[in-house]
Amino acid sequence: MSVRVLVFGTYDVRSHPRVGILADGLRRRGLDVAECNVPLGLDTAERVEILKRPALLPTLLVRLVRCWYALARRARRQPRPDVVLVGYLGHFDVLLAKLLFRRTPIVLDHLIFAADTARDRGETGGIKQALLRGVDRMALRSADVIVVDTEEHRELVPDRHRARAVVAAVGAADEWFEVARPADEVSQDRLRVVFFGVYTPLHGAPVIGHALTELAGESIDVTMIGSGQDDAETRAAARANDRVTWVDWVAPDELPKVVADHDVCLGVFGTTMKALNVVPNKVFQGAAAGCAVVTSGTSPQRRTLGTAALFVPPGDSAALASALRRLAWDSRYLTRMRTAAARLAVERFAPDQIVGPLLDHLQDHLHTVTKARDSS
């Protein structure tokens, strides 16, 4: 019999695919993975907005109680798991998991720190930051294993919990690999560039906007997908370039194909502390979709992407413009960068690859479970 893993919580894989990638990876490694999931229906931006406006807190609490009631009922109908994996944005869900699954190892996918994310999105109030740090500490204390996405985020885990933290890259879901075009299939008369995101300071979208103004009149078509905090500033910065298409939203199941239809996928270019510590979803997804990746040359991104991406200094619009110009002028270089990104994605960013460090961390527990099953 295989080891049973229950993926648990109020996560939503359509908005935040990370936990779905972990689940797929564990299945491919031979584990028996089931899900107990009731989506909360609030994305990261909405949760931060609630923090800014305390009057909205009852909305969060009512939704959370309803979801937890449904989760508890469903959990009772599940076979006893050997491991519980609490999905992304599970700062509170991990408390319920700890209550429901006593003596079962609880793995928390702690992709973001609440205080760090709120600060990046403009919430810097001292009292609220203190409360959010308390939420982070409470979540970390409740987990037996803490999964983060970069070494920099592992360093943010308090010393007393760090031995329980393991780094697993975000990776990309299957649908991104399935739509990838051949690396030598590039646009003949123009470079096609795409950015997608929610325009937070982490993304540095205004940096992209200023770069696009520098590229006005050149054979580079750019699709900017999404909206958010820095949307207006980005559009203003790029107003001199009439080869930019602005798209407010693309359905999650359509996004991989849209991205794969471009030659280059842009990463993040912000200068905030959070921007310096992450490797964003979009670079994994863009690489898996067969795009060349251009992103900021931060330590975690250089470490993760190596020679398979083109790096520019954070916040440097002129360097970004130069990088895109080089790709537009040199089709062989573009093909080489697309090939490198796609190869790295297959070798290291597929679901069965990114769960390796987590399985290594759980090795002793999984061995004990397997041995007990075999002897029964």
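**Reading a predicted model**

Modeller: Glu178 is exposed, its relative accessible area being 63%; here buried means under 20% relative accessible area, exposed means over 50%, and partly exposed lies in between, with a 1.4 Å probe and protein chains only. This is a predicted model, in which local features need pLDDT of at least 70 and side-chain atom pairs count only at pLDDT 80 or more, while totals for chains, interfaces and linings use all residues. Residues are numbered from 1 along each chain as its sequence is written, and side-chain values use heavy atoms, with hydrogens and water left out.

Biologist: What share of the residues of the protein count as buried?

Modeller: Of its 376 residues, 55% count as buried. As for contact, which means heavy atoms within 4.5 Å, residues 24 or more positions apart account for 73% of the contacts with a separation of 6 or more.

Biologist: How do I read the buried residues of a helix such as α4?

Modeller: An α-helix has 3.6 residues a turn, so residues three or four places apart point the same way. In helix α4, residues 93–100, the buried residues are Asp93, Val94, Leu96 and Ala97. Seen down the axis of α4, these buried residues fall within an arc of 160°, so they line one face of the helix; the arc is that of the directions from the helix axis to the C-beta atoms.

Biologist: What should I look for in the phi angles of Arg103 and Tyr199?

Modeller: Most residues other than glycine have a negative phi, and most peptide bonds are trans. Arg103 has a positive phi near 65° and is not a glycine, and Tyr199 likewise has a positive phi, of about 55°. Arg103 lies in the loop between α4 and β4 (106–109) and is exposed at 83% relative accessibility. Tyr199 lies in the loop between β7 (191–196) and α10 (205–214), and at 0% relative accessibility Tyr199 is buried.

Biologist: Is Pro105 buried or exposed, and which residues is Pro105 in contact with?

Modeller: Pro105, also in the loop between α4 and β4, is buried, with a relative accessible area of 17%. Leaving aside neighbours within four places in sequence, Pro105 is in contact with Asp82, Val83, Val84, Asp144 and His365.

Biologist: Which residues line the largest cavity?

Modeller: On a 1 Å grid over the protein atoms alone, a cavity is a set of points where a 1.4 Å probe fits but cannot get out, and lining residues have an atom within 4 Å of a point. Grid points are joined across faces, edges and corners, and a volume is the space filled by probe spheres set on the points. By this rule there is one cavity of 30 Å³ or more, and the largest cavity holds about 40 Å³ of space. Its lining consists of Val5, Leu26, Leu31, Val83, Leu85, Val107, Leu358, Leu362 and Leu366.

Note on methods: On a 1 Å grid over the protein atoms alone, a cavity is a set of points where a 1.4 Å probe fits but cannot get out, and a pocket is an open set with protein on both sides within 12 Å along at least five of seven lines; lining residues have an atom within 4 Å of a point. Helices (H or I, at least four residues) and strands (E, at least two) are DSSP runs, numbered from the N terminus.
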